[in-house]
Amino acid sequence: MKKQITTIAFDADDTLWVNEPYFQEAETHFCALLENYLPANVVSATLLKTEMKNLALYGYGVKGFMLCMIETAINITGSAAGPGLIDQILKIGQDLLRKPVELLDGVPETLEQLHKHYRLIVATKGDLLDQERKLKRSGLEKYFHHIEIMSDKKVSNYQKLLKHLDCQPENFLMLGNSVKSDILPVLELGGFAAHIPYHTTWAHEIHDEDLQHKNLLELKSIDNILNYLN
């Protein structure tokens, strides 16, 4: 693999920096706002259903999450969802957008080693403005040749990315925490993928089936990739 790879792509959220725990914290606050109407687990399930319904319309990211919280609150409370409740929901979302960028262990050191020998890119989903803001705050921008904020991570999206990069699948390696988004589509294309599990995953991204593939690496942390590429 070492001789083949020329381009290495990194997912951002929960691969380079903390993300999902912040969303879970925001969801907990949202559920608390509606505790007089429904139990927290029911509110969470209703919110997820609303997110899945709107995913094709809003895409991924905090802004879509905010809109789904507002819609969920209206559906649960009916006419009781007045301006005060909406304001509190907007504050939850705005606080989420202002969260500090907390890099995961080993990220700067790994990028420092790899960028000397490979073309590094960010390939991540989410809101364009938010992801650009987080990348700038992270201090990691200098390591990357290209930043791609993707509307989704299906095979067709990766094909478009590889065409833009003028990169063949067999020369491409994707690192990420989501088997569904970061691993399976790349393997299907004939590329290489490295899975770095994170301790918490959004329900929509969970993939429970055991996966075996000759082009798949299972890593415990991001710096483990150096054992295969250095």
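Over the ring of which residue does the charged end of Lys 125 sit? I looked this up and found the ring of Tyr 60, with the charged end of Lys 125 3.9 Å from its centre. My criterion was that NZ of Lys or CZ of Arg is within 6 Å of the ring centre and within 35 degrees of the ring normal.

Basis of the entries. I worked on a predicted model, in which local features need pLDDT of at least 70, side-chain atom pairs count only at pLDDT 80 or more, and totals for chains, interfaces and linings use all residues. Residues are numbered from 1 along each chain as its sequence is written, and side-chain values use heavy atoms, with hydrogens and water left out.

Entry on aromatic pairs. I found two aromatic pairs in the structure. Rings of Phe, Tyr and Trp (its six-membered ring) pair if their centres lie within 6.5 Å; planes under 30 degrees apart count as stacked, over 60 as edge-to-face and the rest as tilted. Phe 10 and Phe 144 are edge-to-face, at 6.1 Å centre to centre and 70 degrees between the planes. This pair links distant parts of the chain, 134 residues apart: Phe 10 is in strand 1 (residues 7-10), and Phe 144 is in the loop between helix 6 (128-138) and strand 3 (146-150). I took helices (H or I, at least four residues) and strands (E, at least two) as DSSP runs, numbered from the N terminus.

Buried means under 20% relative accessible area, exposed over 50%, and partly exposed in between (1.4 Å probe, protein chains only).

The rings of Phe 23 and Phe 65 have centres 5.2 Å apart and planes at 65 degrees, so this pair is also edge-to-face. Phe 23 belongs to helix 1 (residues 20-33) and Phe 65 to helix 3 (residues 62-77), 42 residues apart. Phe 23 counts as buried at 16% relative accessibility, and Phe 65 at 3%.

Entry on salt bridges. My search of the whole structure gave eleven salt bridges, each a side-chain nitrogen of Lys or Arg within 4 Å of a carboxyl oxygen of Asp or Glu. Lys 153 and Asp 11 meet at 3.0 Å, N to O. Lys 153 lies in the loop between strand 3 and helix 7 (155-165), and Asp 11 in the loop between strand 1 and helix 1, 142 residues apart. Lys 153 is buried at 4% relative accessibility, as is Asp 11 at 6%.

Which residue forms a salt bridge with Asp 13? I found Lys 134, with the closest N and O atoms 2.9 Å apart. Asp 13 is in the loop between strand 1 and helix 1, while Lys 134 is in helix 6, 121 residues apart. Lys 134 also meets Asp 130 in a salt bridge (3.9 Å, N to O). Asp 130 and Lys 134 are separated by about one helical turn, because they are four residues apart in helix 6. Both Asp 130 and Lys 134 are buried. Shared partners join Asp 13, Asp 130, Arg 133 and Lys 134 into one salt-bridge network.
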